Amino acid sequence: QYQDGVLACAPCPAFSNSSDGALFRRACECWPGYGDPGNLTCVGCAVGFYKNWYAMEACRVCPPGETTGAQESTACVCRPGFGRDAAETGLCSACAPGTFKAELGDLSCEPCVLNTFARVAGAASCDACPSGTVTLQTGAAACVCAQGYGFADGATVCAPCPPGFFKDSAANVSCVPCPVNTSQPAEGRTQCEPCLANAVTE
């Protein structure tokens, strides 16, 4: 309550309190999670805003990379795609390429699992590698051509090695011709087979 005139006390606005002997409506203090929009009332903080103190003041917007999970919040947490770096700044930073964070909360970013990737910072999920590509380790920002697949004719798309060519490593390079006296008749092979007895390659 606060003193309203000489003889009476008036109740504070909803979601607020005052100390004993309050003289003015402004002496009422909005609860944490509630703020004054400018007319000496208290309303719940909107999503993305917070207030963790008692005062007839407005809610504050969350810092970059942070938000709230609901209205009437007293604290902000990291958005999906952002992780809390407690060891350094304590701020929410965008997940680095090759890492992700799917949930709202103050958790660390996680590396993408094998054969998935996150090309840009701030990813909330990792994408599966396209057909014919793989990753060489977890936490990858890009995929490379799988064994049996390579770049062809100057293109940067992984295609199956054509008959007579092979590739036995995962890398963004072209397939190579089968050595002399070896062959392979199919696409996407990782090795060539020796010619049959009494046979050679032309």
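Eleven disulfides turn up in a search of the whole structure, a disulfide being a pair of cysteine sulfur atoms within 2.5 Å. This is a predicted model, in which local features need pLDDT of at least 70, side-chain atom pairs count only at pLDDT 80 or more, and totals for chains, interfaces and linings use all residues. Residues are numbered from 1 along each chain as its sequence is written, and side-chain values use heavy atoms, with hydrogens and water left out.

**C112 and C126**
- The sulfur atoms of C112 and C126 sit 2.0 Å apart in a disulfide.
- This link is left-handed, with -80 degrees about the S-S bond.
- It joins distant parts of the chain, 14 residues apart: C112 is in the loop between β14 and β15, and C126 in the loop between β15 and β16. Strands (E, at least two residues) are DSSP runs, numbered from the N terminus.
- C112 is buried, at a relative accessible area of 0%; buried means under 20% relative accessible area (1.4 Å probe, protein chains only).

**C161 and C175**
- C161 and C175 form a disulfide with sulfur atoms 2.0 Å apart.
- Its S-S torsion is about -80 degrees, so this disulfide is left-handed.
- Both C161 and C175 are buried.

- In the disulfide of C178 and C192, the sulfur atoms are 1.9 Å apart.
- The torsion about this S-S bond is about -75 degrees, so the link is left-handed.
- C178 and C192 are both buried.
- C195 is in no disulfide, and its nearest cysteine sulfur, that of C178, is 9.1 Å away.

Technical notes. Helices (H or I, at least four residues) and strands (E, at least two) are DSSP runs, numbered from the N terminus. Buried means under 20% relative accessible area, exposed over 50%, partly exposed in between (1.4 Å probe, protein chains only).
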